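Colleague: Before we go further, could you show me the model and take me through how its packing is read?

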Amino acid sequence: AVWLMMEKAFCKSFTNHTPVTEFLLMGIPYTKGLENMLFVLFLAFYFLTLLGNLLILLAILTSSNLHTPMYFFLGNLSVFDIFFPSVSSPKMMLSLVGQSRTISYPGCACQLFFYHFLGCTECFLYTVMAYDRFAAICHPLQYTVIMNRRVCTIMTLGTWVGSCLHAAVLTFLIFHLPFCGPNEVDNFFCDIPVVLPLACADTSLAQTVSFTNVGIVALICFLLILTSYIRIVVSVLKISSSEGRRRAFSTCSAHLTSILLFYGPVVLIYLRPASSPWLDSVVQVLNNIVTPSLNPLIYTLRNKDVKLALRKALIQGVHTCGV
């Protein structure tokens, strides 16, 4: 009887409200009058991201010298960097040129799902890449056995499947809640911190679980990466020649730079107590648009093998087109 009374009261409380069928993306705060400039800037970053990561994939696929676990995971990261900015950038750029800023309810749910699916994939990929560097530097003689094709395949599948489950749980928690207005999202895309406050029900469970879920995944991955690099540093310091130490550290520098660019926005957005719409939007722009365009530069400028393979692939392509 108590449950029946609670259900009737719940239903009655929402009979006078119309369920939300679409959301209004408010965009980046305090940018009024800068839309055209931002459109050109973001479009340039987006094309740079697509071009850079496609070139890395081309180099890895066409060069047999790069068919190793390290570059296999780098190829996966390039695939991620192609899809990740595509979750929010096209819709944001359309709104900047005066197109509709509305997004449908299912579209908002899809944005949130793919954002966390790909974000978690990146987190797992960096962890796997750190383990790969640990195996290569600390156990060079057993490296091919430790990181064989079967292990690399299982790690990659585990990364994508685990990320899918993570994102599915978060999306279900958020969008099983009722939304009956307002529908204004204080950002340029749908994410947990800006969508959850719009629900017209108790969000404490969803807020706690999403905060814990994101925090635990990020913390566990960070600790595993930290453990790998502590072991790497200890092993490298045992190398007698300075040239050997320099070469060992150089293979890790690009990975470490990417990790710093990834974990900075995660901490600022999800793991701080107070929320600031303007700061969140700026950090999200850096995370969604700028960082994916920097990864190809980080990995190619400091990697002679990738530059050589890319040069050969481009020369071969020019000769093929000429013929």
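**Aromatic rings and packed helices**

Modeller: Tyr115 and Phe189 are both buried, where buried means under 20% relative accessible area with a 1.4 Å probe and protein chains only. This is a predicted model, in which local features need pLDDT of at least 70 and side-chain atom pairs count only at pLDDT 80 or more, while totals for chains, interfaces and linings use all residues. Residues are numbered from 1 along each chain as its sequence is written, and side-chain values use heavy atoms, with hydrogens and water left out.

Colleague: What kind of aromatic pair do Tyr115 and Phe189 form?

Modeller: Rings of Phe, Tyr and Trp (its six-membered ring) pair if their centres lie within 6.5 Å, and planes under 30 degrees apart count as stacked, over 60 as edge-to-face and the rest as tilted. The whole structure holds 16 aromatic pairs; the one between Tyr115 and Phe189 is tilted, at 4.9 Å centre to centre with 55° between the planes. Because Tyr115 lies in helix α5 and Phe189 in the loop between β3 (184-185) and α8 (192-195), the pair ties together parts that are 74 residues apart in sequence. Ring pairs also link Phe80, Phe84, Tyr115, Phe188 and Phe189 into a cluster.

Colleague: At what angle do α5 and α7 pack?

Modeller: Two packed helices are described by the angle between their axes and the distance between the axes. Here the axes are lines fitted to C-alpha atoms over the stretch in contact, with angles from 0 to 180 degrees between N-to-C directions. Helix α5 (residues 105-138) and helix α7 (residues 149-175) pack at about 145°, with their axes 8 Å apart.

Notes:
Helix = DSSP H or I, 4+ residues; strand = E, 2+ residues; numbered from the N terminus. Buried < 20%, exposed > 50% of the residue type's maximum accessible area, 1.4 Å probe, protein only.
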